[in-house]
Structure formats: structure tokens, C-alpha cells
Amino acid sequence: MMSGNYYRTGQLARLCGLTERTIRYYDELGLLKTKKKTRGGQRIYTDSDLVYIKRIIELKSLSFSLEEIKRIINLAGEDETGEKRRAVLLDNYKSKLREAEKKKKAAEEEIAQLDWHIRQLEKAGGSFKDCPGSLCSSCSFKENCSFKQS
């Protein structure tokens, strides 16, 4: 007889902050290991499933797709030492980091543009109606302005 805690779908969902439908979906995708059912046909999950779901939630929060997560989980069958999964996770984490750094750079550029536009509008005052126009040659924002007239 196995020891440990057993959970029905609803219990497991509440523990993880997920919906029952999400738990069933993860099960359908093969992301959970337990195949136990009650006599009435309801799925019973174990502490091991709880750990796997928490890992799935963590990986999803780091922008891993369910397909990427499934590939990593499926490596367990051919990876007794865990080294293959470790290497794949490391590569994936590095890739996700590069993607996040690109997004950060793009966000920083967008912030700088928004800041520039805010400062431009705050300083424009009553002359805003003439922009672009006669004030372009003396505008302090002309080096960044895409509306300036030559």
C-alpha cells in the first residue's frame, strides 16, 4: 500500500490555485504521472502530482509553453540521472533570459519615447497648436521629433 496524501481533482485544484478543468487538461496532455482512479472512476492524485503541478505553474510563469514543459517531463523516461532534463532546462532558461532581456530593452526604449512625448507636451503650452509648423526651427525637441518641418 502506498503512503502519502491523495487528492481528488477539486482538492488538487484548490491547493494549486487552478481550476478543475486545468487539472484535467494537464492530465489529458500527459503532464501528470498518476493514473489512479476511485472505484467510481474519479481520478486520484498524489503528492507527486502536486509537485509536478507546482513545477508546471513555475515554468509557465517563466513563459514556458505547455509543449516545452511536456518535452521536459517526458525526458524522465530516458533520463535516470536527471542530467538530460537539467541540460534542457538550463538551455531553456538561458533562451528565456535572452528573450526577456530583448523585451526589457524594447520596454526601456518605449519608456524613453513616452517620457520624451510627455516632456514635449508639458513644455509646449499654448504653442502646441503650431506644432509642427513655424516653431520647428526653435523647438528644443526637434532632434527627436518625427513631425518637424524643414
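## Exercises on a predicted model

Ser63 sits in the loop between α3 and α4. Helices (H or I, at least four residues) and strands (E, at least two) are DSSP runs, numbered from the N terminus. This is a predicted model: local features need pLDDT of at least 70, side-chain atom pairs count only at pLDDT 80 or more, and totals for chains, interfaces and linings use all residues. Residues are numbered from 1 along each chain as its sequence is written, and side-chain values use heavy atoms, with hydrogens and water left out.

**Exercise 1.** Classify Ser63 as buried, partly exposed or exposed, and state its phi.

*Solution.* 
- Take the cut-offs: buried is under 20% relative accessible area, exposed is over 50%, partly exposed is in between (1.4 Å probe, protein chains only).
- The relative accessible area of Ser63 is 47%, so Ser63 is partly exposed.
- Phi of Ser63 is near 75 degrees, a positive value in a residue other than glycine.

**Exercise 2.** Describe how α3 and α4 pack.

*Solution.* 
- Two packed helices are described by the angle between their axes and the distance between the axes.
- Axes are lines fitted to C-alpha atoms, for helices over the stretch in contact; angles run from 0 to 180 degrees between N-to-C directions.
- Helix α3 covers residues 47-61 and helix α4 residues 66-74; the angle is about 135 degrees and the axes are 10 Å apart.
- Angles under 35 degrees count as roughly parallel, over 145 as roughly antiparallel, 65 to 115 as roughly perpendicular and the rest as oblique.
- α3 and α4 are therefore oblique to each other.

**Exercise 3.** Which residues of α3 and α4 meet, and how do they divide by class?

*Solution.* 
- Contact means heavy atoms within 4.5 Å.
- From α3 come Tyr52, Ile56, Leu59 and Lys60; from α4 come Leu66, Ile69 and Ile73.
- By class, this contact of α3 with α4 has six nonpolar, no polar and one charged residues.
- Ala, Val, Leu, Ile, Met, Phe, Trp, Tyr, Cys and Pro count as nonpolar; Asp, Glu, Lys and Arg as charged; the others, Gly among them, as polar.

**Exercise 4.** Place Tyr7 in the chain and list its contacts beyond four places in sequence.

*Solution.* 
- Tyr7 belongs to strand β1, residues 6-8.
- Its relative accessibility is 12%, so Tyr7 counts as buried.
- Ile44 is 37 residues from Tyr7 along the chain, with 5.5 Å between their C-alpha atoms.
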